[in-house]
Amino acid sequence: MKKESALGIPGLERTGFMKSALQKGMNWKPVKSVSHALLAKKWTFLLVSIAFLLGRAVILESLMPFAVAYFAVIYFMRKDVYGWVAASLVAGSWFASDPAPLWIAMEIAVVFLLLKGLETYERAELSTAPIIVFVSTMLVQLFGVFIGDTLSWYSFMMVVVEASLSFVLTLVFIHAIPVLTMTKKSAALKHEEIICVMILLASVMTGAVGWMIEGMSAEHIMSRYMLLLFAMAGGAPLGASVGVVAGLILSLADFSAIVQMSMLAFAGLLAGLLRDGGKMAAAFGMLLGTSILSIYIGTQADVMSSTWESVAAATLLLLTPRSVIRIISRYVPGTNEHVKSQHDYAKRVREVTAERVVQFSEVFRQLSSSFGQLNQNLAEVSREEEIGNFMNAVAAKSCANCHRQNACWEDKFFHTYKMMTDMMTTVEEKRAPSPKEFPRAWTTHCIKTPQVMSIMSHQYELYQNNKYWKKQIYESRQLVADQLTGVSQVMDDLSKEIKREGQTLHLQEEQIREAVEGLGLSVQGVDIINLEEGNVEIEVYHSFEKGFDECRKIIAPLLSDILGEHIAVKSEVSPTSPGEPTQAIFGSAKQFEVETGVAGAAKGGDLLSGDSFSLVELGNGKFAVAISDGMGNGERALQESSAALAILQQLLQSGMDEKLAVKSVNSVLLLRSAEEMYATVDLAIVDLYTAYTTFMKIGSTPSFIKRGKEVIPITANNLPIGIIQDIDVDFVSMQLLPGDTLVMMSDGIFDAPGHAVNKEMWMKRIIGELATDDPQEMADTLLDTVVRYHDGEIVDDMTVLVARIDKHLPEWTSFRWPGMNRMERPRTVS
């Protein structure tokens, strides 16, 4: 019997080394769990310390609403420490100006019992905490009023006030404690959450009222230190807000400190305004603000005391690490640190997304490779092997029960094999003789020649069918492999686009903002999506009353000068609700533009034509024009032609290779119906930066290029799509020139002169004689000429599409603004 080790691996005995390793493993602890334990202890100490101060806090001389609200929130968020927190709250109340540990303990006990009761019925939720606190505070305080010496409306009113404050403070602590302990999931804080944190911190300071350090008030030092921290993190608005909140709550705890609210607000404003000068400048602003108001309000002793308190707070600020201020700034909307953290987060998301897309791309590439390997294995089957399998099948059916089997296949193997080969050749050439015409050598050698011949003919039919379907499987697998490769390539391109968009372009965005504002225009935001030459995309948010003119006549020319290439306004997105900015999208202006015209008519003047056309911007600086002619006429032909163009358009816009896109459309049309339905496709893709044009024709009529007086035909000879699986796609590429006109047409136009006339020469003459160069007029004239040629009769569906290539001349190019430098583009593009 095999021994089994302690690790459960058969045959592995526990050696001395294994014993020591296992013994050491008993005392091993993950580093991560140790760090989490230390972090938990740190936050436990903080929460218990806050509980002590909140238990000691008193406002309006007798109200203590902080303790029970804090306990209820801690009970839901940190059940492991609620006992310590409760004890700390009761202990803190012993040291209050008006000690009331019994009442605090009773309120906590009532809350605890109510929560346990709700837990029994599985109804205990954080959303119910404010109501539970309100009820418990009301019950305990009413009990205190009833057992007291006197009953008065004032006493009842104070009970309601304290219960209401407990209710509100519970809501505040629900938002503030996750932020304070840095357990909030969101990277950005709402303004309400920031205010809640301020209230919590000011409430904690209330617990320090009455403590003196060398003649200085502890709560004043703490409030001014908190003011400096937030002023350094968020600037003047946040500093002033902290001053107002802290001063208000401190004044509720000590009526003599009512002036603290205005003093701290003014000091926070000055500290925030001077924060760019560093800690010393912010401390000077706070010292200046507190000193000015102290001089007008207090005595000389008060001024000196306030000054020393400010100096103590400034000293604490100087001792505070810069990282603490940066952490606070990261959570405050509008700060540079917050913007940077948002950009870092977005960059990480892009990187993770791009990585996942690359992984999916690799999956599709592997699938394509596996299909390719299957096809390779299928193709490696040699003809000799196929013939051998064929011979074996014939011999198994005709010779297995013959008494001369051994004589034929053992004694005279080569003679028998030659005879069978001759028979197979005869069957392949479809000249199988009748039994009377069999060669004598066959009948002499084999007594079952007619039966063998019949079996061979039947087996050959099966062999041909098998070969045909093997070819179909081979072609289908190859198409699937090509499509998977195309999808993989599209996903690769997408991942590169995601990585490129993730580049940090803060400096370039700031340069554009400064340039626009230097012209006296105020914009609310600038986002650079792409700075690649020829593919620039910039979004500008503005609130101009008529923004298109400013964008087209001022901002676009300015961007053209900064970037060194023509920039135009692509589109403007109006705001969805009042007060929101308008989004203007700027992009690279194309070097060429395409003007089109289309004319068509249905057979016999019907409403539905079997021809379809498409004019579409592919989104990568290319423009596609296409015509498709479905088989026959009417609605069914229209369905086939429009389906072919719709699928082709989607595939091309997704970035798929043109040839693969056409093959995919062909396979879709083959599978759509068992009936024989097909469609021609005539496609031209124009590069708007170079005017280099690729023509792709599948069963379509010739196209023509009119260049001055010269007419150049573009032809191809192949079948339409939807007939056979493996179609032949012809590509013709040509460099077009400004002023060239492309004329594409369906067979109803091209076949108009009939078979007695050279159609190509006739069409070249008609196009060459056109007196106009307007695309729409040319299309109308060509259609009118063909209809008149048939004496007004429309003999087939007719469609003609005309596209003229022109050099793009922007109405507003660029202007040079003194002192404006060219923008430095990123040197590496993913």
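Asparagine 758 caps the N-terminal end of α26, with a side-chain oxygen 3.2 Å from the backbone nitrogen of glutamate 760. The model is a predicted one, in which local features need pLDDT of at least 70 and side-chain atom pairs count only at pLDDT 80 or more, while totals for chains, interfaces and linings use all residues. Residues are numbered from 1 along each chain as its sequence is written, and side-chain values use heavy atoms, with hydrogens and water left out.

- Helix α26 spans residues 759–768, and its buried residues are Lys759, Trp762, Met763, Ile766 and Ile767 (buried means under 20% relative accessible area, exposed over 50% and partly exposed in between, with a 1.4 Å probe and protein chains only).
- Seen down the axis of α26, these buried residues fall within an arc of 130°, so they line one face of the helix (the arc is that of the directions from the helix axis to the C-beta atoms).
- Helices (H or I, at least four residues) and strands (E, at least two) are DSSP runs, numbered from the N terminus.
- The cover over the buried residues of α26 includes β12, β13, β15, α25 and α27 (contact means heavy atoms within 4.5 Å).

**The sheet**

- An open sheet of five strands has the order β7-β16-β15-β12-β13, with antiparallel pairing (two strands pair if DSSP finds at least two bridges between them).
- Its edge strands are β7 and β13, each of which pairs on one side only.
- Five bridges join β12 to β13, and isoleucine 714 in β13 is the bridge partner of serine 703.

**Salt bridges**

- The count comes to 13 salt bridges (a side-chain nitrogen of Lys or Arg within 4 Å of a carboxyl oxygen of Asp or Glu).
- Glutamate 309 pairs with arginine 224 in a salt bridge, the closest N and O atoms being 3.6 Å apart.
- Glutamate 309 lies in helix α13 and arginine 224 in helix α9, so the pair ties together parts that are 85 residues apart in sequence.
- Glutamate 309 is buried at 3% relative accessibility, and arginine 224 is buried at 1%.
- Aspartate 740 and arginine 707 form a salt bridge at 2.8 Å, N to O; aspartate 740 is buried at 3%, whereas arginine 707 is partly exposed at 25%.

**Serine 306**

- Serine 306 is found in helix α13 and is buried, with a relative accessible area of 7%.
- Leaving aside neighbours within four places in sequence, serine 306 is in contact with Arg224, Met263, Thr290 and Ser294.

Key
Polar contact = N/O pair within 3.5 Å; in protein donor to acceptor, adjacent residues only side chain to side chain.
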